[in-house]
Amino acid sequence: MRSGRNGRRRRRMAWFWRWTALAGGALMAVCVLAVLYVRNADAEYRQGERRAIELAQSQAGLAEADQVVFYTWDESLWIVIGKNQEGTPIIVWERESGVESMPMAEGHTEEEILERFRRDKPEARLVRVLPGWFNGMPVWEIRYMPVPGTKEHALDFYSFRTGQHLKTYTLLGE
């Protein structure tokens, strides 16, 4: 009688381990598929990023890229920040109409624009800062929450060359 009970128990345990292995394999397959999906979804952006760096190297003398941004407002463009062959920091705007570049020293740095922004709007909570293109000129775009704790956001545009505040847009929250 005892051997019958032990046999059933062994069969149940074997059944349990088979299903556990099958569930573990299925979970592993789902994880692998998720990773492949994310890599594939990101591939087009990464390819565009690589092309932007190559274009900045061939047309603007970029030697080293530190930051690459895909920007959309009036138009969509790639912006590459890095250093040229001499080690001078430069910024490159790659528009459909052509490539424009300049040494960062000829414009205002992100830090300078942020300093001015914080002085003008000390209560605002910063969300992000991006180089951009607005009304036919290079700019810094600052997204922020004018009143922290609310869902309202705002965008300020500052001229890259002069540092002058150009425009504010308020984006109403839900």
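Modeller: I begin with E49, which is buried at a relative accessible area of 17%. Here buried means under 20% relative accessible area, exposed over 50%, and partly exposed in between, with a 1.4 Å probe and protein chains only as cover. The model is a predicted one, in which local features need pLDDT of at least 70 and side-chain atom pairs count only at pLDDT 80 or more, while totals for chains, interfaces and linings use all residues. Residues are numbered from 1 along each chain as its sequence is written, and side-chain values use heavy atoms, with hydrogens and water left out.

E49 forms a salt bridge with R46, and their closest N and O atoms are 2.8 Å apart. The term stands for a side-chain nitrogen of Lys or Arg within 4 Å of a carboxyl oxygen of Asp or Glu. R46 is partly exposed, with a relative accessible area of 35%. Because E49 and R46 are three residues apart in helix α1, about one helical turn separates them. Helices (H or I, at least four residues) and strands (E, at least two) are DSSP runs, numbered from the N terminus.

Helix α1 covers residues 2-60 and also holds R10. That arginine counts as exposed, at 59% relative accessibility.

The whole structure has seven salt bridges. One of them pairs E75 with R95, the closest N and O atoms being 2.9 Å apart. E75 sits in the loop between β1 (62-72) and β2, and R95 in strand β3, so this pair ties together parts that are 20 residues apart in sequence. E75 is partly exposed, at 23% relative accessibility. With E100, E75 and R95 are linked in a network of salt bridges.

Another salt bridge joins the side chains of R116 and D120, at 3.4 Å from N to O. The two are four residues apart in helix α2, and therefore about one helical turn separates them. Both count as partly exposed, R116 at 27% relative accessibility and D120 at 42%.

K121 lies in the loop between α2 (110-120) and β5 (125-134). The lysine is buried, with a relative accessible area of 18%. A polar contact of 2.5 Å joins its side chain to that of D156. Such a contact is a pair of N or O atoms within 3.5 Å; within protein, one must be able to donate a hydrogen and the other to accept it, and residues adjacent in sequence count only if both atoms are side-chain atoms. D156 belongs to strand β7 (residues 153-159) and is buried, at a relative accessible area of 0%.
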